[in-house]
Amino acid sequence: MRNMIKALKKKYALSDQGASDLFKGILYSVLANISLMLPVILLAVVLNQLLSPILGIADSEKSAAFYTITGIVILAVVFILHYLQYTAAYVGTYEESARRRIHLAEKLRTLPLGFFHQRDLSDLTSTIMGDCASFEHAFSHTVPQFWGAVISTGIVCIGLLIFNWQMGLALLWVAPVSFAIVLLSRKWQQKLGKRHMEARIELAEGIQECLETVQDIKACNQEEAYLKKLDAKMDAAEKAQISSELTTASLITTGQMFLRLGLATVIIVGNSLVMKNQTDIFTYILFLIAASRLYDPLSGAMSNMAELFGVSLQVKRLKEIEEYPDENGEKDIRTNVYDITFDHVKFSYEKDKPVLRDVSFTAKQGQVTALVGPSGGGKSTVAKLAAKFYPLDGGKIMLGGKDIEPLDSTMLMKNFSIVFQDVVLFNNTIMENIRVGRKNATDDEVIAAAKAAMCAEFINRLPQGYQTVIGENGSTLSGGECQRLSIARALLKDAPVILLDEATASLDVDNETEIQNAISRLVKGKTVLVIAHRMRTIEAADQIVVLADGVVAEKGSHETLMKKNGLYRKLVDLQTESTKLETEYNGKIIN
C-alpha cells in the first residue's frame, strides 16, 4: 500500500495526502465497479430459475421475497461503495487542488529570480491556474475511474476465465486489441496535445500583451492590425485543439467499436458450446449479461486513458516548477561594511550573447556611485546583479568583502532598498503600498517617508488621502506620482544599500530637484548605486562608472572624466546639445 501511494505521488506530482486520497479513490472505484457485477449475477440466477422448468432443469426454488431482499442488499452495497468512491475522488481532489496551488505559490517564493526570467508570465499563470484546473477534472473524473475500471475488470476477467475459460476468451479477446489501438498512438496524441498547449500559451500571451498595451495600440491606430494577429493566434489555438481532440476521438471510437465485437463472439461461442452440451444455459446467460455490462467500463477506461496522455504533459510542466532547485544560501549575513565590489563580472541572459563581458569597480559605503553609458551597455543589469537577481557567468560580487553567491537572496535583500524604472504598485491603499517597504512601519513613519519623497501634496488632494485605493499598478495615478510612491517605499525601508534605476525618470524638473535633495539627505552613510540618463542628476556623484559594450570604459568623478575627453564627455556634450535644441524648438512653438 505504501509503495502504491509513493508511486502515485511520484507519477502525478501529488502531496502525501493527495496520493493517499487518490489511492482511496482508486480502491473504492474498484470495489464500486465490482459491486455492479452483483446485480448481473442476481439477474442470471433469476433467469436461470425462471427458465429451469421450461428447459427441464432441476433447480432449487427461491421465493420472490428472497430475491427482493437480496436485491435491496445489493443496491445498498452499490450505493455505499459509490458514495465512498465519490467522496474520496471528488472531495479529496478539490482539497488536493487547493494544496497544490498553495504549494506552487510557496515554491515560487523560494525560487531564484533567474527562474522568472526564463519563464513567461502567461506560461506560469497557465500552469498555476489552467493546469491545476485541468488536474481537478482529471483526478475527480479520470484517474480513479481509469485505474478502478482496469483493476476491477481484471479481477472480474480472472473470475470469468476460471468459471469458463472458453467463454471468457470469447468475451475478453477484443480488450487487448482495443486498448492497443489507443496505447500505440500515445506519442502521436501527446505530440498533438503539446502543440495545442503551446498554441494556447501563445494565445494567452497575446491577450495579456493586448490588455497591457491597449493605450499604445489605440494611440498608434493599430487596433485592426493587432486584432488580426490576435485572431490568427485564436484560430491557431482552435485548429490545434480540434486536431488534437479529433485525432483522439477517432482512435477511441475505433477501439470502442472493435470492443463490441466481443458480444458477437460470446453469442457464437456460447451457442456452439450449449449445442454440444459443453456448457449450461446459466453460464451462457451469465456471460451474455456480463458482456453487456463489462464493456461499458472498458470503453470508459479507453476515454480516460486518452485524457491521461494529456495529463502527463501537465504533470511534466508542474514537475518542472516543483523540481527546480530552491535557492538555499547562508542566512546569517553579518557585515559592518556595505561596499559593493564587482570583480571581473561576466553575465548573459542568453547563451553566447554576453551583456557584461568584464566589469570591475567598487561602490563604497557613504558614497554615491553613478552608472552611465549608452543604451544596452548593461547599467540596469549591474544593479540587478548587485542584488543577486541572477547567477553570474563568471567573476564575483562582494558585499562588505563577502561573496554574495552563497548568501540567501531573501536575507540579502533586507540590506537593499530598490527603485526600478518600471514601478510596481498594488491595488491597495497608498498607505499600504508605501508600507511594503517595511511592514511593521507606523503610520507616522509612512507619512514621513511620503513627505521626503514629495508625495504629500498629491496624496492630500485625493478623496481619502493615504487611505485611497490606487487601482492595479497605480492606474489612477500619473507616472510621476507612481514613481514618487516607489521612492517613498524605498526610503521607508531605510536599508544600508540603495539602488536607484532611473528613479527620477518620470518626474518634472522641479520635483526631480527636490527629490534629489531629499535623497541626498537620507543616503548619508549608505552605499548608493544610481542609474540615470540625465547627466546633470549625477554630476555630484562621488564616482561615475561609464559602461559600454559590457565593460567599464571609464570611471572617476565628473570633473576627472570631463578632462579625459572620452566617452563620458561625449555623452555629456550630446545631451547638452539635445537639451539646447529642445529648448529652442519649444521656444519657437510658444512664440
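A nonpolar core is a set of buried Ala, Val, Leu, Ile, Met, Phe, Trp, Tyr and Cys residues joined through side-chain atoms within 4.5 Å. Buried here means under 20% relative accessible area. With that in hand, turn to the chain, which is a predicted model.

Start with the core. The largest one holds 59 residues. Within this core, Tyr12, Leu22, Phe139 and Leu171 touch the most other members. Helix H13, residues 281-322, supplies the largest share of this core, with 20 residues.

Now step back to the whole chain. Its secondary structure comprises 22 helices and 10 strands. The C-alpha trace spans about 120 × 50 × 50 Å along its principal axes. The radius of gyration is 36 Å, whereas a compact globule of 591 residues would have one near 25 Å.

The surface comes last. Of the 591 residues, 45% are buried. The accessible surface comes to about 31,300 Å², and carbon and sulfur atoms account for 59% of that area. Charged side chains number 63 positive and 66 negative. The centres of these two sets lie 5 Å apart.

Methods:
Residues numbered from 1 in each chain as written. Predicted model: local features only at pLDDT ≥ 70, side-chain atom pairs only at ≥ 80, totals over all residues. Heavy atoms only, no water. Helix = DSSP H or I, 4+ residues; strand = E, 2+ residues; numbered from the N terminus. Rg over C-alpha atoms; globule rule 2.2 N^0.38 Å. Buried < 20%, exposed > 50% of the residue type's maximum accessible area, 1.4 Å probe, protein only. Areas by Shrake-Rupley, 256 points an atom, 1.4 Å probe, with all protein chains shown as cover. Lys, Arg positive; Asp, Glu negative; His and termini not counted. Charge placed at Lys NZ, Arg CZ, Asp CG, Glu CD.
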